[in-house]
2 protein chains.
Amino acid sequence: MTDPQTLHDRHDKQLVRQRLLQKGQQTKAAIIDTALGMAAQIGLEGLSIGAVADAMQMSKSGVFAHFGSREELQISVIREYHQRFEQEIFFPAMEMPRGLPRLRALFHCWMLRTSAEIDSGCLYISGAVEFDDRPGPVRDALASSVKTWLTALHRSVLQARDEQHLSKDTDATQMSFEIHGLILALHYEARFLKTAKSLNRAKQGFEHILQRYGATTQKD
Amino acid sequence: MTDPQTLHDRHDKQLVRQRLLQKGQQTKAAIIDTALGMAAQIGLEGLSIGAVADAMQMSKSGVFAHFGSREELQISVIREYHQRFEQEIFFPAMEMPRGLPRLRALFHCWMLRTSAEIDSGCLYISGAVEFDDRPGPVRDALASSVKTWLTALHRSVLQARDEQHLSKDTDATQMSFEIHGLILALHYEARFLKTAKSLNRAKQGFEHILQRYGATTQKD
(Lines give C-alpha, C1' and ligand atoms only; values in the text may rest on other atoms or scores of the structure.)
Protein backbone atom coordinates (compact mmCIF):
# COMPACT_ATOMS: atom_id res chain seq x y z
CA MET A 1 0.00 0.00 0.00
CA THR A 2 1.15 3.55 -0.74
CA ASP A 3 1.52 5.75 2.30
CA PRO A 4 -0.84 8.73 2.75
CA GLN A 5 1.90 11.36 2.23
CA THR A 6 2.84 9.92 -1.21
CA LEU A 7 -0.82 9.83 -2.18
CA HIS A 8 -1.18 13.45 -1.11
CA ASP A 9 1.88 14.49 -3.20
CA ARG A 10 0.58 12.65 -6.23
CA HIS A 11 -2.76 14.37 -5.82
CA ASP A 12 -1.04 17.77 -5.65
CA LYS A 13 0.94 17.10 -8.82
CA GLN A 14 -2.23 15.98 -10.55
CA LEU A 15 -3.98 19.19 -9.53
CA VAL A 16 -1.09 21.29 -10.86
CA ARG A 17 -1.19 19.37 -14.14
CA GLN A 18 -4.96 19.83 -14.36
CA ARG A 19 -4.67 23.56 -13.74
CA LEU A 20 -1.93 23.94 -16.35
CA LEU A 21 -4.07 21.98 -18.77
CA GLN A 22 -7.08 24.17 -18.01
CA LYS A 23 -5.02 27.31 -18.46
CA GLY A 24 -3.73 25.93 -21.76
CA GLN A 25 -7.25 25.18 -22.90
CA GLN A 26 -8.41 28.66 -21.91
CA THR A 27 -5.56 30.25 -23.87
CA LYS A 28 -6.33 28.03 -26.85
CA ALA A 29 -10.01 29.00 -26.68
CA ALA A 30 -9.07 32.70 -26.48
CA ILE A 31 -6.82 32.34 -29.54
CA ILE A 32 -9.61 30.61 -31.49
CA ASP A 33 -12.07 33.31 -30.48
CA THR A 34 -9.73 36.05 -31.71
CA ALA A 35 -8.93 34.15 -34.90
CA LEU A 36 -12.65 33.62 -35.60
CA GLY A 37 -13.30 37.34 -35.29
CA MET A 38 -10.43 38.03 -37.66
CA ALA A 39 -11.56 35.36 -40.17
CA ALA A 40 -15.02 36.95 -40.31
CA GLN A 41 -13.40 40.23 -41.34
CA ILE A 42 -10.47 39.23 -43.52
CA GLY A 43 -11.39 35.68 -44.52
CA LEU A 44 -10.04 32.30 -43.43
CA GLU A 45 -7.24 32.67 -45.96
CA GLY A 46 -6.20 35.95 -44.39
CA LEU A 47 -5.45 34.16 -41.10
CA SER A 48 -1.82 33.58 -40.20
CA ILE A 49 -0.14 32.46 -36.99
CA GLY A 50 1.77 35.75 -36.97
CA ALA A 51 -1.29 38.00 -37.37
CA VAL A 52 -3.17 36.09 -34.66
CA ALA A 53 -0.15 36.26 -32.33
CA ASP A 54 -0.02 40.04 -32.87
CA ALA A 55 -3.71 40.41 -32.12
CA MET A 56 -3.30 38.28 -28.95
CA GLN A 57 -0.09 40.11 -27.94
CA MET A 58 1.59 36.70 -27.78
CA SER A 59 4.73 35.38 -29.41
CA LYS A 60 4.40 33.38 -32.61
CA SER A 61 5.92 30.38 -30.86
CA GLY A 62 3.29 30.75 -28.12
CA VAL A 63 0.53 30.39 -30.72
CA PHE A 64 2.45 27.60 -32.46
CA ALA A 65 2.47 25.65 -29.19
CA HIS A 66 -1.33 25.38 -29.50
CA PHE A 67 -1.64 24.95 -33.27
CA GLY A 68 1.10 23.16 -35.11
CA SER A 69 0.24 24.88 -38.38
CA ARG A 70 -1.83 27.61 -39.97
CA GLU A 71 -4.08 24.90 -41.40
CA GLU A 72 -4.74 23.50 -37.94
CA LEU A 73 -5.63 27.00 -36.74
CA GLN A 74 -8.02 27.46 -39.70
CA ILE A 75 -9.70 24.11 -39.01
CA SER A 76 -10.09 24.95 -35.31
CA VAL A 77 -11.76 28.21 -36.33
CA ILE A 78 -14.20 26.31 -38.58
CA ARG A 79 -15.02 23.90 -35.71
CA GLU A 80 -15.68 26.79 -33.36
CA TYR A 81 -17.89 28.50 -35.95
CA HIS A 82 -19.77 25.23 -36.39
CA GLN A 83 -20.39 24.99 -32.64
CA ARG A 84 -21.71 28.54 -32.45
CA PHE A 85 -23.92 27.90 -35.45
CA GLU A 86 -25.32 24.83 -33.67
CA GLN A 87 -25.86 26.72 -30.43
CA GLU A 88 -27.65 29.61 -32.07
CA ILE A 89 -29.71 27.74 -34.66
CA PHE A 90 -29.84 24.02 -34.20
CA PHE A 91 -30.28 23.65 -30.43
CA PRO A 92 -33.00 26.33 -30.04
CA ALA A 93 -34.90 24.75 -32.97
CA MET A 94 -34.66 21.32 -31.34
CA GLU A 95 -36.60 22.74 -28.39
CA MET A 96 -39.61 23.13 -30.69
CA PRO A 97 -41.99 20.28 -31.52
CA ARG A 98 -41.00 18.09 -34.49
CA GLY A 99 -42.38 19.11 -37.85
CA LEU A 100 -43.35 22.54 -39.07
CA PRO A 101 -42.71 24.38 -35.77
CA ARG A 102 -39.13 23.08 -35.72
CA LEU A 103 -38.58 23.82 -39.42
CA ARG A 104 -39.88 27.35 -38.92
CA ALA A 105 -37.63 27.84 -35.90
CA LEU A 106 -34.64 26.55 -37.86
CA PHE A 107 -35.22 29.02 -40.68
CA HIS A 108 -36.03 31.84 -38.29
CA CYS A 109 -32.82 31.42 -36.26
CA TRP A 110 -30.74 30.92 -39.40
CA MET A 111 -32.16 34.10 -40.90
CA LEU A 112 -31.54 36.06 -37.69
CA ARG A 113 -27.96 34.81 -37.54
CA THR A 114 -27.44 35.75 -41.18
CA SER A 115 -28.77 39.25 -40.46
CA ALA A 116 -26.50 39.55 -37.44
CA GLU A 117 -23.64 38.61 -39.75
CA ILE A 118 -24.45 41.38 -42.22
CA ASP A 119 -21.65 43.36 -40.58
CA SER A 120 -19.21 40.60 -39.78
CA GLY A 121 -19.70 38.17 -42.67
CA CYS A 122 -20.62 34.50 -42.71
CA LEU A 123 -17.73 32.05 -42.72
CA TYR A 124 -19.75 29.44 -44.63
CA ILE A 125 -20.37 31.90 -47.46
CA SER A 126 -17.02 33.69 -47.61
CA GLY A 127 -15.18 30.40 -47.00
CA ALA A 128 -17.01 28.77 -49.91
CA VAL A 129 -15.69 31.45 -52.25
CA GLU A 130 -12.18 31.28 -50.80
CA PHE A 131 -11.89 27.51 -50.90
CA ASP A 132 -14.09 26.38 -53.76
CA ASP A 133 -11.09 25.60 -55.93
CA ARG A 134 -8.49 24.90 -53.26
CA PRO A 135 -8.62 21.23 -52.34
CA GLY A 136 -7.22 20.22 -48.96
CA PRO A 137 -8.13 19.67 -45.31
CA VAL A 138 -9.42 23.23 -44.72
CA ARG A 139 -11.82 23.00 -47.62
CA ASP A 140 -12.89 19.52 -46.46
CA ALA A 141 -13.54 20.74 -42.92
CA LEU A 142 -15.59 23.66 -44.21
CA ALA A 143 -17.63 21.60 -46.68
CA SER A 144 -18.28 18.89 -44.10
CA SER A 145 -19.44 21.50 -41.58
CA VAL A 146 -21.84 23.06 -44.12
CA LYS A 147 -23.13 19.63 -45.13
CA THR A 148 -23.84 18.69 -41.52
CA TRP A 149 -25.94 21.80 -41.26
CA LEU A 150 -27.79 21.26 -44.57
CA THR A 151 -28.45 17.65 -43.54
CA ALA A 152 -30.08 18.90 -40.34
CA LEU A 153 -32.28 21.19 -42.43
CA HIS A 154 -33.14 18.31 -44.77
CA ARG A 155 -34.03 16.04 -41.84
CA SER A 156 -36.29 18.67 -40.38
CA VAL A 157 -38.14 18.97 -43.74
CA LEU A 158 -38.55 15.17 -43.80
CA GLN A 159 -39.93 15.21 -40.27
CA ALA A 160 -42.41 17.96 -41.18
CA ARG A 161 -43.55 15.76 -44.08
CA ASP A 162 -43.82 12.71 -41.82
CA GLU A 163 -45.84 14.73 -39.33
CA GLN A 164 -48.13 15.63 -42.25
CA HIS A 165 -47.37 19.32 -41.80
CA LEU A 166 -46.24 19.35 -45.44
CA SER A 167 -47.80 17.51 -48.37
CA LYS A 168 -46.71 13.89 -48.63
CA ASP A 169 -45.07 14.30 -52.06
CA THR A 170 -42.70 16.99 -50.70
CA ASP A 171 -39.24 16.65 -52.25
CA ALA A 172 -37.11 17.44 -49.20
CA THR A 173 -33.89 17.99 -51.18
CA GLN A 174 -35.66 20.41 -53.52
CA MET A 175 -37.28 22.29 -50.65
CA SER A 176 -33.96 22.56 -48.76
CA PHE A 177 -32.26 23.90 -51.90
CA GLU A 178 -34.89 26.62 -52.24
CA ILE A 179 -34.61 27.57 -48.56
CA HIS A 180 -30.82 27.72 -48.84
CA GLY A 181 -31.22 30.10 -51.79
CA LEU A 182 -33.24 32.54 -49.67
CA ILE A 183 -30.52 32.69 -47.03
CA LEU A 184 -27.86 33.26 -49.68
CA ALA A 185 -29.93 36.00 -51.33
CA LEU A 186 -30.49 37.64 -47.94
CA HIS A 187 -26.77 37.66 -47.24
CA TYR A 188 -25.87 38.90 -50.74
CA GLU A 189 -28.47 41.63 -51.05
CA ALA A 190 -28.27 42.91 -47.48
CA ARG A 191 -24.51 42.69 -47.01
CA PHE A 192 -23.12 43.52 -50.43
CA LEU A 193 -25.85 45.55 -52.11
CA LYS A 194 -27.24 47.05 -48.87
CA THR A 195 -30.74 46.53 -50.26
CA ALA A 196 -33.41 47.60 -47.77
CA LYS A 197 -35.99 45.11 -46.44
CA SER A 198 -34.02 42.01 -47.51
CA LEU A 199 -35.04 40.36 -44.24
CA ASN A 200 -38.71 40.78 -45.14
CA ARG A 201 -37.99 39.36 -48.60
CA ALA A 202 -36.45 36.26 -47.05
CA LYS A 203 -39.38 35.83 -44.63
CA GLN A 204 -41.90 36.25 -47.42
CA GLY A 205 -39.96 33.85 -49.63
CA PHE A 206 -40.05 31.25 -46.88
CA GLU A 207 -43.85 31.56 -46.60
CA HIS A 208 -44.09 31.09 -50.38
CA ILE A 209 -42.00 27.92 -50.18
CA LEU A 210 -44.11 26.59 -47.29
CA GLN A 211 -47.31 27.26 -49.25
CA ARG A 212 -45.86 25.54 -52.28
CA TYR A 213 -45.19 22.43 -50.20
CA GLY A 214 -48.66 22.32 -48.73
CA ALA A 215 -48.22 24.10 -45.40
CA THR A 216 -51.32 26.21 -45.66
CA THR A 217 -51.28 28.14 -42.38
CA GLN A 218 -49.21 31.30 -42.03
CA LYS A 219 -48.47 30.68 -38.35
CA ASP A 220 -48.73 27.45 -36.36
CA MET B 1 -6.11 75.83 -100.08
CA THR B 2 -3.81 73.02 -98.96
CA ASP B 3 -1.94 71.32 -101.82
CA PRO B 4 -2.65 67.64 -102.59
CA GLN B 5 0.78 66.39 -101.38
CA THR B 6 0.33 67.95 -97.94
CA LEU B 7 -3.15 66.44 -97.71
CA HIS B 8 -1.71 63.06 -98.66
CA ASP B 9 1.01 63.34 -95.99
CA ARG B 10 -1.53 64.32 -93.39
CA HIS B 11 -3.68 61.37 -94.33
CA ASP B 12 -0.67 59.04 -93.97
CA LYS B 13 0.16 60.36 -90.53
CA GLN B 14 -3.47 59.96 -89.53
CA LEU B 15 -3.44 56.33 -90.69
CA VAL B 16 -0.28 55.61 -88.69
CA ARG B 17 -1.84 57.20 -85.60
CA GLN B 18 -5.01 55.16 -86.10
CA ARG B 19 -3.05 51.94 -86.46
CA LEU B 20 -1.00 52.68 -83.35
CA LEU B 21 -4.21 53.44 -81.51
CA GLN B 22 -5.78 50.21 -82.74
CA LYS B 23 -2.72 48.22 -81.73
CA GLY B 24 -2.83 49.89 -78.32
CA GLN B 25 -6.51 49.02 -77.94
CA GLN B 26 -5.85 45.42 -78.96
CA THR B 27 -3.07 45.10 -76.39
CA LYS B 28 -5.31 46.65 -73.75
CA ALA B 29 -8.11 44.23 -74.62
CA ALA B 30 -5.69 41.30 -74.43
CA ILE B 31 -4.49 42.42 -71.00
CA ILE B 32 -8.08 42.73 -69.76
CA ASP B 33 -8.89 39.28 -71.13
CA THR B 34 -5.93 37.73 -69.29
CA ALA B 35 -6.70 39.65 -66.10
CA LEU B 36 -10.34 38.52 -66.23
CA GLY B 37 -9.27 34.88 -66.49
CA MET B 38 -6.95 35.37 -63.53
CA ALA B 39 -9.60 37.18 -61.45
CA ALA B 40 -12.00 34.27 -61.96
CA GLN B 41 -9.40 31.94 -60.45
CA ILE B 42 -7.70 34.00 -57.76
CA GLY B 43 -10.23 36.75 -57.15
CA LEU B 44 -10.24 40.43 -58.08
CA GLU B 45 -8.16 41.17 -55.00
CA GLY B 46 -5.52 38.72 -56.20
CA LEU B 47 -4.90 40.82 -59.32
CA SER B 48 -1.76 42.91 -59.47
CA ILE B 49 -0.09 44.79 -62.32
CA GLY B 50 3.00 42.61 -61.79
CA ALA B 51 1.15 39.27 -61.94
CA VAL B 52 -0.76 40.33 -65.06
CA ALA B 53 2.48 41.55 -66.70
CA ASP B 54 4.08 38.16 -65.95
CA ALA B 55 1.14 36.30 -67.45
CA MET B 56 1.26 38.54 -70.55
CA GLN B 57 5.06 38.31 -70.80
CA MET B 58 5.12 42.09 -70.76
CA SER B 59 7.01 44.53 -68.59
CA LYS B 60 5.21 46.06 -65.62
CA SER B 61 5.66 49.50 -67.17
CA GLY B 62 4.03 48.17 -70.37
CA VAL B 63 0.92 47.23 -68.41
CA PHE B 64 1.07 50.49 -66.44
CA ALA B 65 0.95 52.39 -69.72
CA HIS B 66 -2.59 51.03 -70.22
CA PHE B 67 -3.82 51.10 -66.62
CA GLY B 68 -2.53 53.79 -64.34
CA SER B 69 -3.25 51.74 -61.24
CA ARG B 70 -4.26 48.32 -59.98
CA GLU B 71 -7.68 49.78 -59.16
CA GLU B 72 -8.14 50.91 -62.76
CA LEU B 73 -7.21 47.42 -63.95
CA GLN B 74 -9.73 45.86 -61.55
CA ILE B 75 -12.48 48.21 -62.72
CA SER B 76 -11.69 47.45 -66.40
CA VAL B 77 -12.01 43.74 -65.58
CA ILE B 78 -15.43 44.34 -63.98
CA ARG B 79 -16.56 46.31 -67.07
CA GLU B 80 -15.45 43.51 -69.36
CA TYR B 81 -17.21 40.91 -67.21
CA HIS B 82 -20.33 43.07 -67.33
CA GLN B 83 -20.22 43.19 -71.13
CA ARG B 84 -19.84 39.42 -71.43
CA PHE B 85 -22.67 38.92 -68.99
CA GLU B 86 -24.83 41.19 -71.15
CA GLN B 87 -23.86 39.40 -74.33
CA GLU B 88 -24.56 35.94 -72.96
CA ILE B 89 -27.68 36.65 -70.94
CA PHE B 90 -29.28 39.98 -71.63
CA PHE B 91 -29.04 40.29 -75.41
CA PRO B 92 -30.22 36.74 -76.23
CA ALA B 93 -33.17 37.23 -73.84
CA MET B 94 -34.07 40.51 -75.55
CA GLU B 95 -34.58 38.53 -78.78
CA MET B 96 -37.52 36.80 -77.13
CA PRO B 97 -41.00 38.35 -76.96
CA ARG B 98 -41.68 40.61 -73.96
CA GLY B 99 -43.19 38.93 -70.93
CA LEU B 100 -42.83 35.36 -69.77
CA PRO B 101 -40.79 34.13 -72.78
CA ARG B 102 -38.18 36.81 -72.13
CA LEU B 103 -38.15 36.21 -68.37
CA ARG B 104 -37.70 32.48 -68.96
CA ALA B 105 -34.87 33.14 -71.42
CA LEU B 106 -33.20 35.49 -68.94
CA PHE B 107 -33.26 32.86 -66.19
CA HIS B 108 -32.27 30.09 -68.56
CA CYS B 109 -29.20 31.93 -69.90
CA TRP B 110 -28.24 33.11 -66.40
CA MET B 111 -28.45 29.55 -65.09
CA LEU B 112 -26.41 28.23 -68.01
CA ARG B 113 -23.75 30.84 -67.47
CA THR B 114 -23.65 30.05 -63.75
CA SER B 115 -23.18 26.36 -64.59
CA ALA B 116 -20.43 27.20 -67.04
CA GLU B 117 -18.80 29.15 -64.24
CA ILE B 118 -18.83 26.19 -61.86
CA ASP B 119 -15.19 25.66 -62.79
CA SER B 120 -14.06 29.24 -63.21
CA GLY B 121 -16.12 31.07 -60.60
CA CYS B 122 -18.48 34.01 -60.90
CA LEU B 123 -16.97 37.45 -60.39
CA TYR B 124 -20.26 38.86 -59.08
CA ILE B 125 -20.36 36.24 -56.33
CA SER B 126 -16.69 36.04 -55.40
CA GLY B 127 -16.34 39.82 -55.77
CA ALA B 128 -19.25 40.39 -53.39
CA VAL B 129 -17.44 38.42 -50.70
CA GLU B 130 -14.11 40.12 -51.38
CA PHE B 131 -15.47 43.65 -51.40
CA ASP B 132 -18.48 43.58 -49.13
CA ASP B 133 -16.63 45.47 -46.41
CA ARG B 134 -14.08 47.34 -48.52
CA PRO B 135 -15.53 50.66 -49.63
CA GLY B 136 -14.03 52.32 -52.68
CA PRO B 137 -14.31 52.60 -56.45
CA VAL B 138 -13.82 48.86 -57.13
CA ARG B 139 -16.63 47.91 -54.82
CA ASP B 140 -18.80 50.66 -56.31
CA ALA B 141 -18.12 49.45 -59.87
CA LEU B 142 -18.96 45.88 -58.90
CA ALA B 143 -22.15 46.76 -57.01
CA SER B 144 -23.33 49.05 -59.80
CA SER B 145 -22.73 46.31 -62.37
CA VAL B 146 -24.72 43.76 -60.32
CA LYS B 147 -27.51 46.28 -59.75
CA THR B 148 -27.79 47.00 -63.48
CA TRP B 149 -28.28 43.30 -64.02
CA LEU B 150 -30.82 42.87 -61.19
CA THR B 151 -32.70 45.90 -62.51
CA ALA B 152 -32.96 44.22 -65.93
CA LEU B 153 -34.36 41.12 -64.22
CA HIS B 154 -36.82 43.24 -62.24
CA ARG B 155 -37.96 45.06 -65.40
CA SER B 156 -38.53 41.79 -67.18
CA VAL B 157 -40.73 40.59 -64.28
CA LEU B 158 -42.72 43.84 -64.48
CA GLN B 159 -43.18 43.38 -68.23
CA ALA B 160 -44.39 39.79 -67.72
CA ARG B 161 -46.91 41.15 -65.23
CA ASP B 162 -47.99 43.93 -67.62
CA GLU B 163 -48.39 41.34 -70.40
CA GLN B 164 -50.66 39.43 -67.99
CA HIS B 165 -48.32 36.44 -68.09
CA LEU B 166 -48.06 36.71 -64.30
CA SER B 167 -50.82 37.58 -61.86
CA LYS B 168 -51.47 41.28 -61.54
CA ASP B 169 -50.55 41.46 -57.83
CA THR B 170 -47.05 40.10 -58.53
CA ASP B 171 -44.48 41.80 -56.31
CA ALA B 172 -41.63 42.14 -58.81
CA THR B 173 -38.98 42.92 -56.18
CA GLN B 174 -39.98 39.87 -54.14
CA MET B 175 -40.01 37.61 -57.19
CA SER B 176 -36.59 38.88 -58.33
CA PHE B 177 -35.17 38.24 -54.85
CA GLU B 178 -36.42 34.64 -54.93
CA ILE B 179 -34.98 34.07 -58.43
CA HIS B 180 -31.65 35.53 -57.37
CA GLY B 181 -31.61 33.07 -54.46
CA LEU B 182 -31.91 30.11 -56.84
CA ILE B 183 -28.89 31.25 -58.83
CA LEU B 184 -26.86 31.75 -55.65
CA ALA B 185 -27.86 28.30 -54.35
CA LEU B 186 -26.95 26.74 -57.71
CA HIS B 187 -23.51 28.34 -57.60
CA TYR B 188 -22.92 27.43 -53.94
CA GLU B 189 -24.12 23.85 -54.05
CA ALA B 190 -22.66 22.92 -57.45
CA ARG B 191 -19.34 24.75 -57.14
CA PHE B 192 -18.48 24.44 -53.46
CA LEU B 193 -20.36 21.35 -52.29
CA LYS B 194 -20.27 19.55 -55.67
CA THR B 195 -23.87 18.49 -55.09
CA ALA B 196 -25.25 16.51 -58.02
CA LYS B 197 -28.28 17.73 -59.97
CA SER B 198 -28.10 21.31 -58.65
CA LEU B 199 -29.03 22.55 -62.13
CA ASN B 200 -32.28 20.55 -62.00
CA ARG B 201 -32.95 21.97 -58.54
CA ALA B 202 -32.60 25.51 -59.89
CA LYS B 203 -34.86 24.76 -62.88
CA GLN B 204 -37.50 23.18 -60.65
CA GLY B 205 -37.26 26.07 -58.20
CA PHE B 206 -37.88 28.53 -61.04
CA GLU B 207 -41.03 26.63 -62.09
CA HIS B 208 -42.22 26.79 -58.47
CA ILE B 209 -41.68 30.53 -58.38
CA LEU B 210 -43.51 30.99 -61.71
CA GLN B 211 -46.45 28.93 -60.43
CA ARG B 212 -46.51 30.95 -57.24
CA TYR B 213 -46.81 34.15 -59.29
CA GLY B 214 -49.62 32.83 -61.44
CA ALA B 215 -47.80 31.57 -64.55
CA THR B 216 -49.71 28.36 -64.84
CA THR B 217 -48.17 26.79 -67.95
CA GLN B 218 -44.91 24.83 -67.71
CA LYS B 219 -43.80 25.91 -71.16
CA ASP B 220 -44.98 28.77 -73.36
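Guide: Helices (H or I, at least four residues) and strands (E, at least two) are DSSP runs, numbered from the N terminus. By that reading, B:Glu88 lies in helix H4 of chain B, which covers residues 70–94. This is a predicted model, in which local features need pLDDT of at least 70 and side-chain atom pairs count only at pLDDT 80 or more, while totals for chains, interfaces and linings use all residues. Residues are numbered from 1 along each chain as its sequence is written, and chains are lettered from A, with ligands numbered from 1, in the order in which they are written.

Visitor: What radius of gyration does chain A have, and how does one read it?

Guide: The radius of gyration is taken over C-alpha atoms, and the globule rule used for comparison is 2.2 Å times the number of residues to the power 0.38. For 220 residues a compact globule would come out near 17 Å, whereas chain A has 22 Å; along its principal axes, the C-alpha trace of chain A spans about 70 × 50 × 30 Å.

Visitor: What should helix H1 of chain A span, at 1.5 Å a residue?

Guide: The expected span of a helix is 1.5 Å times one less than its number of residues. Helix H1 of chain A has 39 residues (4–42) and should therefore span 57 Å, which agrees with the 56 Å between its end C-alpha atoms. Directly after H1(A), A:Gly43 takes a positive phi of about 90 degrees.

Visitor: Which residues of H1(A) are buried?

Guide: A residue is buried if 20 or more other C-beta atoms lie within 10 Å of its own, exposed if 12 or fewer, and partly exposed in between, with C-beta atoms placed from the backbone. In H1(A) the buried residues are A:Ile31, A:Ile32, A:Ala35, A:Leu36 and A:Ala39, and they pack against helix H2 (49–56), helix H3 (60–64), helix H4 (70–94) and H6 of chain A. A nonpolar core is a set of buried Ala, Val, Leu, Ile, Met, Phe, Trp, Tyr and Cys residues joined through C-beta atoms within 7 Å; the largest such core has 113 residues, of which A:Ala35, A:Val77 and B:Val77 touch the most other members.

Visitor: How is chain A superposed on chain B, and by what rotation?

Guide: Two copies of a chain are related by a rotation about an axis and a shift along it. Copies are superposed by least squares on the C-alpha atoms of residues with pLDDT of at least 70 in both. Here a rotation of 180 degrees with 0.0 Å of shift along its axis superposes chain A on chain B, with an RMSD of 0.1 Å. The two copies are thus related as by a two-fold rotation axis. The same surface serves both copies, since 100% of the contact residues of chain A recur in chain B. Of the residues of chain A, A:Gly181 comes closest to the rotation axis, at 2.0 Å (C-alpha).

Visitor: Which helix of chain A gives the most residues to the side that touches chain B?

Guide: In total, 27 residues of chain A are in contact with 27 residues of chain B. On the side of chain A that touches chain B, helix H6 (123–131), helix H7 (137–162), helix H8 (172–192) and helix H9 (198–212) each supply at least two residues, and H8(A) gives the most, with twelve. For composition, Ala, Val, Leu, Ile, Met, Phe, Trp, Tyr, Cys and Pro count as nonpolar, Asp, Glu, Lys and Arg as charged, and the others, Gly among them, as polar; the residues on this side of chain A divide into twelve nonpolar, eight polar and seven charged.

Visitor: What do the buried residues of H9(B) pack against?

Guide: They pack against H8 of chain A together with helix H5 (100–116) and helix H8 (172–192) of chain B, and they include B:Phe206, B:Ile209 and B:Leu210.

Visitor: Where is the place of A:Gln164, and what is its phi?

Guide: Most residues other than glycine have a negative phi, and most peptide bonds are trans. A:Gln164 has a positive phi, near 60 degrees; its place is in the loop between H7 and H8 of chain A, and A:Gln164 is exposed, with 11 other C-beta atoms within 10 Å. B:Lys194, which is not a glycine, likewise has a positive phi, of about 55 degrees, and its place is in the loop between H8 and H9 of chain B.

Terms used: Two residues are in contact if their C-beta atoms, placed from the backbone, lie within 7 Å.
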